[in-house]
Amino acid sequence: FNDFSLLYSSMKLNFGILGIVGGILGYLLTKSALGAMFGFFLGSSFDKKPTQRKRNPNFDFGKYLMMLSAIVMKADGVTMKSELNFVKNFFRQQFGDEKSQVYIKELKKYLESNISIEKVCDILNSNVNQSSKIQLLQYLIGIATADGEMSNSELQTLKRITQSLRISQQTLNSLLAMFNYQRQGGQYHNRTSNPSNGMSIDNSYKVLGIESTATESEIKKAY
């Protein structure tokens, strides 16, 4: 996964259960947001492929990805070093050292600019399919939780982005649960202090979008 062209190729993919299962396994194996994201990507590659959409040949995915990165980073008014490192590492892994430097140099400008979430998401909606947008949302959650917790302002920003990307709230909740984050005292906290504990049972239910009181048949249907 060292070439972000793989993510462009994923525009052919359809969001399905294998993507979620892959994300869960990726998290359990690596105990990291990136592991969950790559697991989701791999799982999605086995889901049914819909018709490929036409997109603008001049569309620069990395540019708009960095814009949304800046929006999430400054959502709580403080740009953390852990968030910056997360973004830098991700772009280097996906774009390579040379190309990532071009995007990273633009980050400071984006952090100082008043960028419209709706305008950026409108452009993405016209050029990126649902599967890729969900992967993008996973990456943004990784930024918000890079310091070990998610503030309410970061959560509200993610909700705006989710809505603007035409992704359901349930999908956002499932992604948060996939990373083992649950809401406590106005913030989302990682419930896995000991990596050996793995994902909690409550979060496993949330990934499937059902209540913990669900019957066996309801669990099978959701799965």
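The following dialogue walks through some features of a predicted model.

Visitor: Where should I start with the overall make-up of this predicted chain?

Guide: Start with the secondary structure, which comes to 12 helices and three strands. Then look at burial: of the 223 residues in the chain, 47% are buried.

Visitor: What share of the contacts with a separation of 6 or more joins residues 24 or more positions apart?

Guide: The share is 75%.

Visitor: Which residues touch the most other members of the largest nonpolar core?

Guide: The general idea is that nonpolar side chains tend to be buried together in soluble globular proteins. In this model the largest nonpolar core holds 46 residues, and those touching the most other members are Leu68, Phe91, Leu124, Tyr139, Leu140 and Ile141. At least two residues of this core come from each of helix 4 (61–73), helix 5 (81–95), helix 6 (97–111), helix 7, helix 8 (130–144), helix 9 (152–164) and helix 10 (169–178). Helix 4 gives the largest share, 10 residues.

Visitor: What does leucine 140 touch, leaving out residues up to four places away in sequence?

Guide: Leucine 140 touches Leu68, Ser69, Val72, Leu158 and Ile161 on that count.

Visitor: How do I read the packing of helix 8 and helix 9, and are they roughly parallel or roughly antiparallel?

Guide: Take the distance and the crossing angle of the axes together. The axes of helix 8 and helix 9 come within 11 Å and cross at roughly 170°. An angle over 145 degrees counts as roughly antiparallel, so helix 8 is roughly antiparallel to helix 9. Helix 8 makes the contact through Leu137, Leu140, Ile141 and Ala144, and helix 9 through Glu154, Leu158, Ile161 and Thr162.

Visitor: Glutamate 154 is in that list. Is glutamate 154 buried or exposed?

Guide: A residue counts as buried under 20% relative accessible area. Glutamate 154, in helix 9, has a relative accessible area of 1% and is therefore buried. Its side chain reaches the backbone nitrogen of serine 151 at 2.9 Å. Apart from residues up to four places away in sequence, glutamate 154 touches Val72, Ala75, Asp76, Glu83, Ala144 and Glu149.

Visitor: What about asparagine 127: buried or exposed?

Guide: The reading goes by relative accessible area again. For asparagine 127 this is 7%, so the residue is buried. Asparagine 127 lies in helix 7, which spans residues 117–127. A polar atom of the asparagine 127 side chain lies 2.8 Å from the backbone oxygen of isoleucine 123.

Visitor: Where is arginine 166 found, and what is its phi?

Guide: Arginine 166 is in the loop between helix 9 and helix 10. Its phi is positive, about 65°, although arginine 166 is not a glycine. The relative accessible area of arginine 166 is 58%, so this residue is exposed.

Visitor: And lysine 221, buried or exposed?

Guide: Lysine 221 has a relative accessible area of 76%, so it is exposed. Lysine 221 lies in helix 12, residues 216–222.

Visitor: What separates the C-alpha atoms of lysine 221 and leucine 208?

Guide: Sequence separation and spatial distance are read side by side here. Lysine 221 and leucine 208 are 13 residues apart along the chain, and their C-alpha atoms are separated by 9.6 Å.

Notes
Residues numbered from 1 in each chain as written. Predicted model: local features only at pLDDT ≥ 70, side-chain atom pairs only at ≥ 80, totals over all residues. Heavy atoms only, no water. Helix = DSSP H or I, 4+ residues; strand = E, 2+ residues; numbered from the N terminus. Buried < 20%, exposed > 50% of the residue type's maximum accessible area, 1.4 Å probe, protein only. Polar contact = N/O pair within 3.5 Å; in protein donor to acceptor, adjacent residues only side chain to side chain. Contact = heavy atoms within 4.5 Å. Core = buried A, V, L, I, M, F, W, Y, C linked by side-chain atoms within 4.5 Å. Axes fitted to C-alpha atoms, helices over the stretch in contact; angles between N-to-C directions. Parallel < 35°, antiparallel > 145°, perpendicular 65-115°, else oblique.
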